Amino acid sequence: ADPKPAVLWAHGGWGGLDAWMWDAAFWPDPSSEDGRIPEAFLKEGIVVMAPSFRGENKNPGHFEMFRGEVDDLLAARDYLASLPWVNSDRIYLAGHGPGGTVALLASELSHKFRAIFALGATFDVERELNARDTPWTHAPFDPRHSIECVLRSPMAWAQDISRPTYAFESDEGDNERWNADDAQTMQELAVASGAPFHSIVLTGFNSISIVRPVAQFLADMIKLDERATRDTFANFEMINDRFLHHMSRWNDGNL
């Protein structure tokens with residue numbers, strides 16, 4: 001059989017991959033709003049690898065929050081590329097929530113992915129950690145130190161993106177709207193430097209409910225890209241038009 005395209009999936013949430021992700025509950029019921037796991041990729045015959053990071057699931061190391069985890073993700077990509085049933089020229093990176101943030105940071109360090117997709121990511125870590133009534137106490141650094149936050153903020157390094165990268169954000173909830181605004185700001189910074197980054201906001205969705213429709217769209221586009229002679233995801237206008245059509249059908253219940 002011919003090698004297949006693959007998605008490296010950076011998991012959402014904190015603390016690693018729980019056991020429930022690998023049993024029957026790993027695949028959400030179609031009626032469920034909790035679409036954290038991208039079943040759509042597997043249905044299209046796309047290889048999926050979902051690694052855990054340092055300090056998770058008894059892995060060596062410690063939680064670094066958007067630093068060493070980026071190195072872990074890039075190492076996972078190299079392992080995935082070594083598998084004989086994977087097309088190393090068609091490896092895509094996708095992530096949700098904190099995994100989306102790690103995916104964006106990886107897009108700014110590596111040119112080895114065919115395309116990168118971040119769902120519900122954070123773009124400005126300093127704002128995210130300090131825009132609260134009480135300090136966020138789980139960070140492994142002092143969030144009042146700006147340099148620690150800048151090093152972990154995708155927006156600060158937008159100019160370093162070299163492969164087509166997409167951020168999908170939602171608009172339900174204050175934090176979601178902040179992130180949607182940040183995604184637009186990052187797009188403006190990227191455009192000014194010629195970096196291939198594009199943001200898309202889903203109206204009427206939250207950071208959880210965006211995953212299923214976006215994953216289905218990406219699975220369809222990856223299959224299209226598998227047969228393409230040109231870089232499908234480099235055509236931002238075409239992707240945006242197709243996504244709008246996809247969401248129209250999704251909202252009408254036709255998908």
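This is a quick walk through one protein chain, from the overall fold down to two residues.

Okay, so first off, keep in mind that what we have on screen is a predicted model. If you trace along the sequence, the order goes β-α-β-α-β-α-β-α-α-β-α-β-α-α.

The accessible surface comes to about 12,100 Å², and carbon and sulfur atoms account for 50% of that.

Now let's zoom in on phenylalanine 233. It's in the loop that runs between helix H7, residues 211-227, and helix H8, residues 236-251. Is phenylalanine 233 buried or exposed? Its relative accessible area is 1%, so it's buried. And who does it touch, leaving out anything up to four places away in sequence? The list is Tyr92, Ala115, Phe117, Pro164, Tyr166, Leu218, Met221, Ile222, Asp225 and Ile239. Take tyrosine 166 from that list: along the chain, it and phenylalanine 233 are 67 residues apart, and their C-alpha atoms are separated by 9.0 Å.

Then there's isoleucine 147, over in helix H5, which covers residues 146-151. This one has a relative accessible area of 57%, so it counts as exposed. It's also part of a nonpolar surface patch with Val150 and Leu151, and together the three have about 230 Å² of accessible area.

Methods: Residues are numbered from 1 along each chain as its sequence is written. This is a predicted model: local features need pLDDT of at least 70, side-chain atom pairs count only at pLDDT 80 or more; totals for chains, interfaces and linings use all residues. Side-chain values use heavy atoms; hydrogens and water are left out. Patches are made of residues with over 30% relative accessible area and no salt bridge: like charges are joined within 9 Å, nonpolar side chains (Val, Leu, Ile, Met, Phe, Trp, Tyr) within 5 Å. Accessible areas come from the Shrake-Rupley method with a 1.4 Å probe; for residues, only the protein chains shown count as cover. A salt bridge is a side-chain nitrogen of Lys or Arg within 4 Å of a carboxyl oxygen of Asp or Glu. Helices (H or I, at least four residues) and strands (E, at least two) are DSSP runs, numbered from the N terminus. Buried means under 20% relative accessible area, exposed over 50%, partly exposed in between (1.4 Å probe, protein chains only). Contact means heavy atoms within 4.5 Å.
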